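Please work through each task before reading its solution.

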Amino acid sequence: MFGQPTSPRFRAALAGTLSAGLVLGLAACGGDDSDSGSGTDASAAAIDCAPYTKFGDIKGKTVTIYTGIVTPEDTPHIESYKPFEQCTGATIKYEGDKSFETQVLVRARAGNPPDLAIVPQPGLVKQLVSTGKAVAAPQEVSDNVDKFWDKAWKAYTTIDGKFYGAPLGASVKSLVWYSPSEFKDKGYTVPTTLDELKALSDKIVADGGKPWCAGIASGDATGWPVTDWVEDFVLRTASPEVYDKWVNHEIPFNAPEIQAAFDAVGGYLKNDAYVNGGLGDVKSIATTTFQDAGLKILEGQCSLHRQASFYAANFEKGTKVAEDGDVFAFYLPGKDANTKPVLGAGEFVVAFADRPEVKAFQTYLSSDVWANTKAKLSSGWVTANKGLDQANLTNPIDKLAGGILLDPNATFRFDGSDMMPAAVGSDAFWKQSTAWITGQDTKTTVDNIEKAWPK
């Protein structure tokens, strides 16, 4: 059993990201009046229909797409489909469901799947393929992914030699949030190496501050922010190659490299001098929600908070999130300035039908045309599609995340716990990481997680 059939972490993060982006997305659409014909330059723009004529006449045909992205956050998605509908005459029927991650499996196993599904984890893609109902992506989609994405993305949904799902949106997890005004006032500079990050933390302590604030409480998913920290540090203190072996259990969870990554994270999160600014001691990390943790930056009670690009949604309305604003983020540096590992997440489009109209719409969603259309309609959304014109990203944090994802020197890896078996990635890893924060030693922690790996 792979992946996370129900993912509280994904739902919490996604809801925050898309809710924040909706207002700006609607503003880009010229308002939220549906009677205005959704008169947006992005949704009404003509596109080259040639890539879709090869699928024949699909006018009047309907394609169903199923997702966990629900109303009202679905608006930018639905708007982004209009150029395809206008070009081909086909109709896209969108269905959002908060129980998507469970129900898509139920529907596939019952023989009643949608035509397409937007799947948030590679592990869930594997489960859907195992039902025998998923259909390999057409050559046109495969060609688009080869053209527009780093090869690592294609591997996430290539199962037993068959490619099933093109990437869609993405998020960057390798970020540190900070106050630009504090940095300016105190003469701090954005670090470009891990050693510089440690030196910055020590400097903040010397100046009488608590450099870091953190929180890992997230209901049933409590502990997941620690897993992101550990994954980021495996990429930095070991290597992407070691990371791949770890995620695939080609080395055990308690391998020396993984223990070293935990200990490196502990140098920050379990360091009384470093945490938990404005919130308490080290143990307070376990009881502070991930949504609240970074807000102390605005109060001047901490200086740094490691969290993904979607965290921008947690700052209250009116907060300027920009390089010259109230709060912004910088890339969590690598071991040296020449390496750029990037931890992130994203979604994939998986098909359960191979009718011409389904293939045509899959091809559109995997194109640079769709990526740019969606970017114009959204805020709080980015993609790793190399055909994206970053000028179409509408806010500073999107531009930062997009620049990191599309940096040719970046080495992207998908969130490891999303790819591990559920018993590990969304159970033991979360729970044991919480125990580790509250006092459990590293060796016991990694040994316990290793024991949870299915035999």
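**Exercise 1.** In this predicted model, determine which cysteine pairs with C49 and where the two partners lie.

*Solution.* Step 1: the partner is C87, and the sulfur atoms of C49 and C87 are 1.9 Å apart. This falls within the 2.5 Å that defines a disulfide. Step 2: C49 belongs to the loop between helix 2 (41-44) and helix 3 (50-53), whereas C87 sits in helix 5 (residues 82-88). The two cysteines are 38 residues apart, and their bond links distant parts of the chain. Step 3: the relative accessible area of C49 is 27%. Because buried means under 20% and exposed means over 50%, C49 is classed as partly exposed.

**Exercise 2.** Describe the link between C213 and C302: its S to S distance, its handedness and its place in the chain.

*Solution.* Step 1: C213 and C302 are joined by a disulfide with an S to S distance of 2.1 Å. Step 2: the angle about the S-S bond is 45 degrees, and the link is right-handed. Step 3: C213 is found in the loop between helix 11 (194-206) and helix 12 (224-238). C302 occupies the loop between helix 15 (290-293) and strand 8 (305-306). The two are 89 residues apart, so this pair too links distant parts of the chain.

**Exercise 3.** Are C213 and C302 buried or exposed?

*Solution.* Step 1: the relative accessible area of C213 is 1%, and that of C302 is 1% as well. Step 2: the limit for a buried residue is under 20%, so C213 is buried and C302 is buried.

**Exercise 4.** State how many disulfides the whole structure holds and what pattern they follow.

*Solution.* Step 1: a search of the whole structure gives two disulfides. Step 2: when the bonded cysteines are counted along the chain, the pattern is 1-2, 3-4.

How values were computed. Residues are numbered from 1 along each chain as its sequence is written. This is a predicted model: local features need pLDDT of at least 70, side-chain atom pairs count only at pLDDT 80 or more; totals for chains, interfaces and linings use all residues. Side-chain values use heavy atoms; hydrogens and water are left out. Helices (H or I, at least four residues) and strands (E, at least two) are DSSP runs, numbered from the N terminus. Buried means under 20% relative accessible area, exposed over 50%, partly exposed in between (1.4 Å probe, protein chains only).
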